[in-house]
Amino acid sequence: MPTKRETRNLTIVQALREAVREEMDSDPNVVVLGEDIRIGGSFLFTLGLHEQYGDERVLNTPISETGFVGLAIGAAIQGMRPIVDFQYSDFLFTAYDQIVQEGSKLRYMSGGQVSIPVVFQMPTGASGRGAQHANTMETFFFHVPGIKIVTPATPYDAKGLFKTAVRDNNMVLFCVHKHLYGSKGRKLLDTGTGHVPEEPYTIPFGEGLIRREGADVTVVANSLMMHRALEAAEELAGAGIEVEVIDPRTLVPFDTDLVLESVRKTGRLVIVEEGNQRGGWGAQLAADVASSAIEYLDAPISRVAAPDVPIPFSPVLEQAVVPGARGIVDAVRMVLTGYQS
Amino acid sequence: MKIQLPDEAERSSLDGLPEELLARMYHRMVLIRRFEKRVNELFLQGVMPGTIHLSHGQEATVVGATSALRADDWINLTHRGHGQALAKGVPAKTLMAELFGKVTGCCRGKGGSLHIGDVAYGALPAIAIVGAASPIMTGMAFAFKYKQTGQVACNIFGDGAVNKGDWHEAMNLAAVWGLPVVFLCENNLFGVSTHISDVTLNERLAERAAAYRMRSTTVFGNDPVAVYRAVGEAVDRARSGDGATMVEALTYRQGGHKRDDPATYRDQSEVASWLAADPIPAFRDRLLSETRVGEGRLSELDAEVESEIEEAVQFAMDSDEPPTAVALEDVYADQA
């Protein structure tokens with residue numbers, strides 16, 4: 001029988017709030033800055049933080065994304081470990097130059113003279129807010145060397161990976177799907193919880209997980225899509241199809257070996273991501289698997305992603321565009337039989 | 001619109017300045033001028049790769065400013081950064097090697113002219129995107145204040161930057177958080193081919209600071225002592241916890257934007273008046289007439305510069321090209 005302590009369940013945002021406090025307590029160089037963070041930011045990541053740590057370490061910024069991202073980069077060069085809280089990751093575009101041209105390249109251009117340990121806390125994905133608050137931001141930066149990208153799907157991973165992100169000496173984009181935080185409006189929810197131990201722990205980057213074992217088809221899916229893949233796997237199990245669901249957890253670095261190992265067993269691969277299909281991380285994974293394990297494939301690799309359109313507002317249209325369990329089930333059936341159903 | 005030079009009455013006094021400081025300023029100005037002349041020759045001979053942006057005419061501004069900084073204060077470099085680097089103390093040897101793309105260069109050959117710099121001298125490797133260094137230097141100042149180190153960040157930028165959002169956001173953040181930054185504008189009147197008066201109505205760019213309730217001043221940037229005094233006051237305020245200041249230094253890019261730019265778009269009378277105001281002969285004359293630094297000492301300094309530069313060129317030419325494996329290094333910290 002597990003004790004109550006062992007089964008403590010938290011939402012992702014609760015797990016993250018705990019992680020940021022632990023890191024702030026252990027390292028005085030960790031500060032948090034962002035818009036409206038005195039009231040918790042958009043997804044309550046910083047709820048209560050200002051009361052606890054004050055103006056010096058919890059900095060409420062003007063709406064100046066370029067300014068405060070650049071400020072975080074400069075502070076990091078001088079030995080601090082800033083966490084930049086974005087209300088919506090979509091606003092990173094206004095600081096794109098700072099992140100891509102400065103932050104990701106200064107170490108390289110200078111021949112290794114500087115380190116830039118900054119974590120960007122980024123709510124990503126579509127959530128009923130229309131096209132400008134719905135970008136799957138991880139994809140936009142997947143192309144850029146010098147940046148690490150984390151996309152946790154569970155509270156346990158969120159906490160362990162966040163602590164690793166704060167201690168990492170590089171820029172880390174920490175992308176959490178807006179539907180996964182466990183907050184809505186200015187309220188904390190009690191749904192989407194998962195086990196988070198009370199003892200501190202970290203999770204290394206670049207280690208994916210098999211979320212569900214299966215012999216027939218490998219499905220690789222991250223973030224919210226990982227949950228959709230598990231739903232699809234459950235449905236397919238009812239039809240006698242055993243799906244292996246892999247959660248890469250971090251996109252950069254990517255645990256390609258774990259996927260290759262699974263594909264060598266199943267011979268079939270479906271890759272699921274929420275972003276637009278063209279140029280997504282799934283395209284890279286498909287290419288890597290094709291070049292390393294094509295002889296193990298019994299069917300073409302299938303990709304499930306949003307069509308190449310912005311995210312529409314109408315809930316009906318958004319649902320039509322964003323991949324869901326239905327589309328994953330169809331893709332799995334297609335790689336198994338050549339038919340969708 | 002013509003930019004009016006500050007008149008003679010506004011120019012600096014040498015009173016109270018040690019002659020050693022003045023001699024050092026002279027040395028640095030000549031070093032920058034001669035270094036860049038040599039770089040230009042090497043570039044035209046086809047010996048040096050890449051692209052270069054020279055700062056002939058602007059030496060007094062960077063030398064005056066960095067003379068007011070401590071060794072552990074930081075500046076950033078811009079795309080026109082050779083002079084800024086030399087002024088802050090980056091050795092000519094590793095700088096020259098970097099321009100050649102050699103592995104002994106200050107950035108291991110991976111930065112080149114556009115990204116030179118050496119953090120050991122508090123010279124952030126150059127950011128060649130106009131205005132983009134302003135938030136970063138503001139961030140350094142944030143760290144200095146947070147850690148109470150007493151250091152100051154000096155953000156160097158050109159007139160072009162004052163119409164960039166990065167700069168405005170940084171100015172506001174520095175002002176509202178009271179950060180120890182000196183915003184130093186090298187106003188050389190031109191953003192590539194565009195005269196500042198064609199794109200900005202402010203008669204003085206320092207006016208912009210008022211929008212952020214930040215103190216500012218405009219000085220004659222060809223007078224190293226005027227810049228030294230203005231930046232010195234700003235640094236003192238920053239160090240004593242009194243926040244940021246903007247210093248606008250009016251100076252002039254004697255040549256084109258880069259080597260292949262003949263700069264024919266300039267008003268010839270403006271060019272002539274600024275060439276007549278060349279900072280180096282003016283400062284030399286001033287030292288001879290107003291101080292006891294004599295011709296002998298100045299000639300010694302001139303000779304020192306020549307040998308320093310030839311040594312740098314020799315070092316750079318003799319240095320190895322980077323092994324190609326270096327191209328894959330330094331992407332991530334803690335990279336295996």
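The second largest cavity has a volume of about 70 Å³. A cavity here is a set of points on a 1 Å grid over the protein atoms alone where a 1.4 Å probe fits but cannot get out, and lining residues have an atom within 4 Å of a point. Grid points are joined across faces, edges and corners, and the volume is the space filled by probe spheres set on the points.

The model is predicted: local features need pLDDT of at least 70 and side-chain atom pairs count only at pLDDT 80 or more, while totals for chains, interfaces and linings use all residues. Residues are numbered from 1 along each chain as its sequence is written, chains are lettered from A and ligands numbered from 1 in the order in which they are written, and side-chain values use heavy atoms, with hydrogens and water left out.

**Cavities**

The lining of the second largest cavity consists of 13 residues, and T136(A), E138(A), N222(A), S223(A) and E274(A) are the ones nearest its centre. Two elements of chain A, α8 (223-238) and β15 (269-276), each contribute at least two lining residues. Helices (H or I, at least four residues) and strands (E, at least two) are DSSP runs, numbered from the N terminus. By class, this lining has three nonpolar, seven polar and three charged residues. Ala, Val, Leu, Ile, Met, Phe, Trp, Tyr, Cys and Pro count as nonpolar, Asp, Glu, Lys and Arg as charged, and the others, Gly among them, as polar.

The whole structure holds four cavities of 30 Å³ or more. Residues from chains A and B line the largest cavity, including R107(A), N169(A), M171(A), V331(B) and A333(B). Its lining divides into five nonpolar, six polar and one charged.

**The sheet in chain A**

Seven strands of chain A make an open sheet with mixed pairing, in the order β3-β2-β4-β5-β7-β6-β14. At its edges are β3 (58-60) and β14 (250-252), each of which pairs on one side only. On average, neighbouring strands are turned by 20 degrees against each other, direction ignored. Two strands pair if DSSP finds at least two bridges between them.

| Strands | Sense | Bridges | Opposite residues |
|---|---|---|---|
| β2(A) (30-34) and β4(A) | parallel | five | V31(A) and P82(A) |
| β4(A) and β5(A) (119-124) | parallel | three | D85(A) and Q121(A) |
| β5(A) and β7(A) (171-177) | parallel | six | T124(A) and H177(A) |

Why is β4(A) largely enclosed by the rest of the structure? Five of the five residues of this strand (residues 81-85) are buried, where buried means under 20% relative accessible area, exposed over 50% and partly exposed in between (1.4 Å probe, protein chains only). Both faces are covered, with R81(A), I83(A) and D85(A) buried on one side and P82(A) and V84(A) on the other.

**Cysteines**

How many disulfides are there over all chains? The count is zero, a disulfide being a pair of cysteine sulfur atoms within 2.5 Å. The sulfur of C106(B) has its closest cysteine sulfur in C107(B), 4.3 Å away, too far for a bond. C106(B) is buried, at 12% relative accessibility. For C154(B), the closest cysteine sulfur is that of C185(B) at 11 Å, again too far for a bond. C154(B) is buried as well, at 0% relative accessibility.

Terms used
On a 1 Å grid over the protein atoms alone, a cavity is a set of points where a 1.4 Å probe fits but cannot get out, and a pocket is an open set with protein on both sides within 12 Å along at least five of seven lines; lining residues have an atom within 4 Å of a point. Axes are lines fitted to C-alpha atoms, for helices over the stretch in contact, and angles run from 0 to 180 degrees between N-to-C directions.
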